[in-house]
Amino acid sequence: RAEREGKNLKQRRKLKSSENKESAKEEKIRDTPMPERAPKHVLFQRFAKIFIGCLAAVTSGMMYALYLSAYHERKFWFSNRQELEREITFQGDSAIYYSYYKDMLKAPSFERGVYELTHNNKTVSLKTINAVQQMSLYPELIASVLYQATGSNEIIEPVYFYIGIVFGLQGIYVTALFVTGWLMSGTWLLTLAQVMISWVDTTRIEYSIPLRENWALPYFACQIAALTGYLKSNLNTYGERFCYLLMSASTYTFMMMWEYSHYLLFLQAISLFLLDSFSLEQSEKVHEVYKIYIFSLFLGYLLQFENSALLVSPLLSLVVALMLAKCLQLNVKKGTFIAKIMKVINFYLVCTLTVTLNIIMKMFVPHKENGHMLKFLEVKFGLNMTKNFTMNWLLCQESLQAPSQDFFLRLTQSSLLPFYVLVLIICFLSMMQVIFRRINGKSLKETITLEDGRIGGRPEIIYHVIHTILLGSLAMVIEGLKYLWTPYVCMLAAFGVCSPELWMTLFKWLRLRTVHPVLLALILSMAVPTIIGLSLWKEFFPRLMTELMELQEFYDPDTVELMTWIKRQAPVAAVFAGSPQLMGAIKLCTGWMVTSLPLYNDDDLLKRNENIYQIYSKRSAEDIYKILTSYKANYLIVEDAICNEVGTMRGCRVKDLLDIANGHVVCEEGDKLTYSKYGRFCHEVKINYSPYVNYFTRVYWNRSYFVYKINTVISFQS
């Protein structure tokens, strides 16, 4: 009986407590005021603002895409040229990408085309490659499917369809930047003007249309726009879901389009990790983004033919370390001394785990280590010295050197850099102010209003400040990375001058009292962009129109003659040897097999390039003959532009780099030439005397190219 009575008492207490909780919830619901429906005129204003903003975003993207298309047409006279002349405009690795697009269109079926690309033995001699995996040819696969599925083959030529997609993606790129600035500032002015003026420094599409980054970066811009909206604290549930889905899709697509995308996402993950450390309210959202990274890496690994580079990437190690650190994190009261110590321990734990996991993954996962990248970074930062031809050749590339003064001068003349620095300083100082307040345990409002003047308290602003500092730091070292940073500069500068909150933050620090600060901030956020826009229009619009009206000329008759001769005279099974850039053009224009390609992510191809480049060194005819026949080459092409190169940078000519690598120049003793009993091969072979004529027979030449047939039977003449 006593046990039964005890049980009954417990049940009654539970029922009472549950009843009390329910009654408390009901009282809360009663007490909380029902949200009043906004008046019709307010709803109309919101709808009109969103509609006009979306229309402006789409229009800006279309204008930019049309501008690029018109500029490309004026530069190359593209519509007035024959197919061969059009294909010659694709230079270097761009030619390789477009050649595989052509191969997919020629294939009897999509499945057969994919099989031939994944088991490709018709591009590089003595080498079977998975071109889809090695060169990230997913854009070409998608473009070929769209071209045939939409019936465009009856309407438009393949080359126009291909470049049209790329120009359209650049329009999406600008639209995404536009939307990002709009989400951050609440207004949608100025972004397009900044990008149009600084477009030379925001994209490499002027030189190489099919580059992987031109396909990938628009998706990354969409991901950043979705992430910006997702991190906003005042976003409703439906908006969060939409941003999350868009972010998931764009992250995965970005990873599939570009082999180096996971390094860029690694920088983004570092920015989010620091945001998570500084902004406690967004911790759950940040960890949801980490799940997107893991999902994208896993799916990318499966669909990229088990690409081991994704498993050993620093992104995966960092995300797993962050997940483990979250599981080990203790629940302590915020603002206390123990909480501060735990933050420091958590930061140290994440860094240690990331390095440890990455080392372990590289030990157990078989992968092709990009050793040349690590060696390049060592030499780039002065940690090592080398005479290796490939390393020194990469160091001499303009895109891998520090930015020139002209770059900063262009950004300053367009008023972009001064406004960007001003906006970055204000946001950074405001962010540090908020962080110190949180460290000291001071409570801050969750929803930030305009009157607060605290722009650095918004999570999306903290993320963008950290991310742009990381990208800017890299761009200061390697000029090629300016194409990642400059669009960010355009977007942040436009956001800053259009944001009332930024002006309010500045007025709060200045303690402005003569004029109402909120009113002045609203006026300046409209007046300053308008003034800047009008001044930019007056100064730079005539220049843009001049670029479109000016007829440039791309005329390369020597290359056209060379490709025509190869098509007409060379056997179908012939293998050509020469500089990698020319080999890419030969593969595209003729379809003949080559010995090397202008690709720098494969150690074997890099070694081939170095060996073939020996035709411009001081080596004997016998040595060159052995190198070429080892790759089953039938024809050798010597370029006069490389053989007689007059480089602008001392020591960066191909023949200089070869002399250093071969020991014909001693760098440590003031560039003194050492004795070589052989002359430079590319000069000597033109003279037609023994022993050169024994190994090589000249079969074609023009002003730029000399073609030699490699003799299979050597006849020694006196």
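This is a predicted model: local features need pLDDT of at least 70, side-chain atom pairs count only at pLDDT 80 or more; totals for chains, interfaces and linings use all residues.

Biologist: Which residues of H25 are buried?

Modeller: Here's a general idea first: an α-helix has 3.6 residues a turn, so residues three or four places apart point the same way. In H25, the buried ones are Pro557, Asp558, Thr559, Leu562, Met563, Trp565 and Ile566. The helix itself covers residues 557-569. Its 13 residues reach 18 Å from the first C-alpha to the last, close to the 18 Å expected at 1.5 Å a residue.

Biologist: And Thr564, how should I describe that one?

Modeller: Thr564 also sits in H25, but its relative accessible area is 22%, so it counts as partly exposed; the cut-off for buried is under 20%. Now look across to Leu84: it is 480 residues from Thr564 in sequence, yet their C-alpha atoms are 8.7 Å apart in space.

Biologist: What share of the chain's contacts join residues at least 24 apart?

Modeller: Taking contacts between residues at least 6 apart in sequence, 71% join residues at least 24 apart.

Biologist: Okay, how do I read two helices packed together?

Modeller: You describe them by the angle between their axes and the distance between the axes. H11 passes H13 in a right-handed crossing. Among the residues that meet there are Tyr244, Met247 and Thr251 from H11, with Val289, Ile292 and Gly300 among those from H13. The residues of this contact divide into 11 nonpolar, 4 polar and 3 charged.

Biologist: Why is H8 described as largely enclosed by the rest of the structure?

Modeller: Because 20 of its 28 residues are buried. H8 runs over residues 158-185 and reaches 41 Å from end to end, C-alpha to C-alpha, close to the 40 Å expected.

Biologist: Can we zoom out to finish?

Modeller: The protein chain has 32 helices and 7 strands. Of its 718 residues, 49% are buried. The chain exposes about 36,400 Å², and carbon and sulfur atoms supply 61% of that.

Definitions and conventions
Residues are numbered from 1 along each chain as its sequence is written. Side-chain values use heavy atoms; hydrogens and water are left out. A crossing is left-handed if the near helix is turned anticlockwise from the far one by less than a right angle, and right-handed if clockwise. Helices (H or I, at least four residues) and strands (E, at least two) are DSSP runs, numbered from the N terminus. Contact means heavy atoms within 4.5 Å. Ala, Val, Leu, Ile, Met, Phe, Trp, Tyr, Cys and Pro count as nonpolar, Asp, Glu, Lys and Arg as charged, and the others, Gly among them, as polar. The expected span of a helix is 1.5 Å times one less than its number of residues. Buried means under 20% relative accessible area, exposed over 50%, partly exposed in between (1.4 Å probe, protein chains only). Accessible areas come from the Shrake-Rupley method with a 1.4 Å probe; for residues, only the protein chains shown count as cover.
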